[in-house]
Amino acid sequence: MLRTLASSVLLTLSLSLAPLASAAVLDLETATILDLQKAYDAGLTSERVVEAYLKRIEAYDKKGPAINAVLEVNPKALEIARELDAERKAKGPRSPLHGVPILVKDNYDTFDMATTGGAKALAGTVPPRDAFTIRRLREAGAIIFAKTNLDEFARGATGTSSLGGQVLNPYNLEKIPGGSSGGSGAAVAALFGWVGLGTETGSSIRNPSTKANLVGFSPSEGLVSRAGIIPISITYDRAGPMARSVTDAAIVMSVMAGTDAADLFSYGGLGYTPDDHWVSALKKDGLKGARIGIVRELFGDENADKPAVALVDAAIKVLKDQGAVVIDPLPTGADLWAIVRDTNYGNAENREALEAYFASRGPDFPIKTIPDMLATGGVLGRLKERYADEQAAPAMTGNREYIGKLAGRTALRAYVHELMDRWQLDALVYPHETKPVRTVEEAAPNKGETRVDTGAAGRVRGNGNRISTAAGLPTIVVPVGFNTDGVSVGMEFLGKLYHEATVIELAYAFEQAAPARKLPPTTPLIGVEKIRY
């Protein structure tokens, strides 16, 4: 069906664009996946797109500003692109992701590249199979293009690992890129690939997306399988896309979503995977008549927060100007910021989740337990304390503290739903964070060891709002402008469980009304980004 539809699109475009074919240009800086597919249908090859990204990585990742976002480029990327080009020519495209180069955070299993979590302890280890999400992307025709650097084992917010070192923020090289998906964020912002994949247990998709002037999409609990991803929590972990547009984030998420027997949480998402890749939700007038509540207690209220708050306030005015009904401030009847900070998974899940993951890597995988991993010496020093605590934590079964935390999470979700029902809201809106971004120097340790951020900054009001993660609800963060330090500020749209289409519609309409994307100043165009075909 997808091939038939794509062939129809090809015929229409060939008739309408034939006289202009020689003058057509694809702009990697501004094009969406839909634009890319039109270009492919008109004769552009994915090989040429991959070549352009390889040149930008060569120019900027380890040279020039040395963003240090990429751990490994797929050595067969060009070969895969050629094969997909030949397949498209013979049979048509598999999906809107046919020939799209995807940057993958290095905690997703990939059968053709090492999966290390950024740790020297796992350097060079290649999984026997793809993560469920990676398999779905490959089946859709995506090119798994490169693995990106991250906070080691996704435990931090500064973009540092023992294997890959420090990722830099391309908008301000003195600033951290956020984490733990800092490599994916910096790489997508710097035009090293079309879309990036992130994961989060706290806010690690949205945090680096905010700092990289990107759209970050965190799904409803159960919509996307976590199988084949190095875990932290079996309840809080989520996987999702980081993109330069809402369009791209929606399409990639639609392919990642799916029910997986290896992650029983994904059965909750049955029936919610769209047939049209959520393209029907991309409406420019999507804010007209929408009801939106502004959660002011999730804003920072210190002097340092004021520049970011001003940007978010200007964005809220755009919501009103586009016809939304805005309740500001939304009376919540509770301190949601404090409740979210008291609702977390604790230490009970990580040990068992990691042991199950290590077992999935096969009988020859040298690491079976946390002590095995620490014994290699290939783990950041500050992670050792955290893993020691989790190794000593009581088992999940019968653990009253752990059971209580999960009950609190369920209650929080119910409360958010009740609040939205009471005010007949389509979404809650708030900034992802309003505190200034720390410098690499500020985030570094006192004694020379690369620091792992343990999340303390997230307990400061105005830093890394996590209500979406705590409640397992879908959210999209979109750029609203740049702070005084040149780093982007983001605003979130939070919806009800499995109401992805609603947050896509609202975020897309806002993005169209108030575009705020721009290329980082440290990675300017090099002449390969506007591809003529």
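Residues are numbered from 1 along each chain as its sequence is written, and side-chain values use heavy atoms, with hydrogens and water left out. In this predicted model, local features need pLDDT of at least 70 and side-chain atom pairs count only at pLDDT 80 or more, while totals for chains, interfaces and linings use all residues.

Helices (H or I, at least four residues) and strands (E, at least two) are DSSP runs, numbered from the N terminus. Two strands are taken as paired if DSSP finds at least two bridges between them. Strands of a sheet pair through backbone hydrogen bonds, either parallel or antiparallel. An open sheet of mixed pairing is formed by 11 strands, in the order β2-β4-β3-β7-β9-β8-β13-β14-β12-β10-β11. The edges are β2 (70–73) and β11 (325–327); each has a single partner strand, so one side of each is left without a neighbour in the sheet. On average, and with direction ignored, neighbouring strands of this sheet are turned by 25 degrees against each other; axes are lines fitted to C-alpha atoms, for helices over the stretch in contact, and angles run from 0 to 180 degrees between N-to-C directions.

Within the sheet, β8 runs antiparallel to strand β9 (residues 238–243), to which 2 bridges join it. The bridge partner of G216 in β9 is M242. Strand β8 is also joined to β13 by 3 bridges, again antiparallel, and F217 has I476 as its bridge partner in β13. Between β13 and β14 there are 7 bridges, and these two strands run antiparallel. P479 stands opposite G490 in β14. The two strands β13 and β14 form a hairpin with 5 residues between them, and G486 in the turn has a positive phi of about 85 degrees. Of the 8 residues of β13, 7 are buried, so this strand is largely enclosed by the rest of the structure. Buried means under 20% relative accessible area, exposed over 50%, and partly exposed in between (1.4 Å probe, protein chains only).

Helix α5 (residues 132–139) lies across β3 (101–105), β4 and β7 (195–200), and runs at about 145 degrees to β4. Helix α9 (residues 306–321) lies across β10, β11, β12 (427–431), β13 (475–482) and β14 (488–494), at about 45 degrees to β14.

The structure holds 9 aromatic pairs. Rings of Phe, Tyr and Trp (its six-membered ring) pair if their centres lie within 6.5 Å; planes under 30 degrees apart count as stacked, over 60 as edge-to-face and the rest as tilted. One of the pairs, F153 with Y387, is edge-to-face, at 6.1 Å centre to centre and 85 degrees between the planes. This pair links distant parts of the chain, 234 residues apart: F153 is in the loop between β4 (143–148) and β5 (160–161), and Y387 is in helix α13 (residues 381–392). Both F153 and Y387 are buried. F217 and W278 form a tilted pair, 6.3 Å centre to centre with 50 degrees between the planes. F217 lies in strand β8 (residues 215–218) and W278 in the loop between α8 (246–256) and β10 (291–294), so the pair ties together parts 61 residues apart in sequence. F217 counts as buried at 0% relative accessibility, and W278 is buried with a relative accessible area of 6%.

Notes:
Contact = heavy atoms within 4.5 Å.
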